Amino acid sequence: PDRKKFTAGGPADQAWPDPWVHVFDYGTGQEVECNKGHHGHVWDVAFAPDGETYASGADDGTIRIWRTDPSKAKAEGKDEAPAA
């Protein structure tokens, strides 16, 4: 949304696919976050239109909602864990 970060699921070409959602710096390509919560390969990640959250879906049959800036949730006194 702000073109500062992009997200991706773990690679599927491994014997045991990575079940994490990786967040990268758009300018450098460096990984800046790794969100853990799925128990199967992450197939899709999409940002909400407002850019405040993004969702990931995985082989384990779950959809998780993540905050784009977890520090905002902490400042507001909210749980930093995924909403779903």
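## A facing pair of residues

Let's start with one spot in this predicted model: T7 stands opposite V23, a residue of strand β2. Strands here are DSSP runs of E with at least two residues, helices are runs of H or I with at least four, and both are numbered from the N terminus. Two strands count as paired if DSSP finds at least two bridges between them.

The pairing around these residues is antiparallel: β1 and β2 (residues 21-25) are joined over five bridges.

## The three-stranded sheet

Now step back to the sheet. Three strands form an open sheet in the order β1-β2-β3, with antiparallel pairing. Its edge strands, β1 (5-9) and β3 (31-35), each pair on one side only. From one strand to the next, the twist averages 20°; the axes behind such angles are lines fitted to C-alpha atoms (for helices, over the stretch in contact), and angles run from 0 to 180 degrees between N-to-C directions.

## A closer look at T68

Where does T68 sit? T68 is found in the loop between β6 (63-67) and α1 (70-75). T68 counts as buried because its relative accessibility is 17%, and buried means under 20% relative accessible area (over 50% is exposed, in between is partly exposed; 1.4 Å probe, protein chains only).

Which residues does T68 touch? Leaving out residues up to four places away in sequence, T68 touches K5, E33, F47, G51, E52, T53 and Y54; a contact means heavy atoms within 4.5 Å. With G51 there is also a distance to note: a polar atom of the T68 side chain lies 2.6 Å from the backbone oxygen of G51.

## The whole chain

Of its 84 residues, 29% count as buried. Among the contacts with a separation of 6 or more, 20% come from residues 24 or more positions apart.

The predictor's confidence in each residue is called pLDDT and runs from 0 to 100. The chain has a mean pLDDT of 79, with 74% of its residues at 70 or more. Among its elements, β6 has the highest mean (93) and α1 the lowest (60). Where pLDDT is low, the predicted coordinates should not be read in detail.

Residues are numbered from 1 along each chain as its sequence is written, and side-chain values use heavy atoms, leaving out hydrogens and water. Local features need pLDDT of at least 70 and side-chain atom pairs count only at pLDDT 80 or more, while totals for chains, interfaces and linings use all residues.

Key: A polar contact is a pair of N or O atoms within 3.5 Å; within protein, one must be able to donate a hydrogen and the other to accept it, and residues adjacent in sequence count only if both atoms are side-chain atoms.
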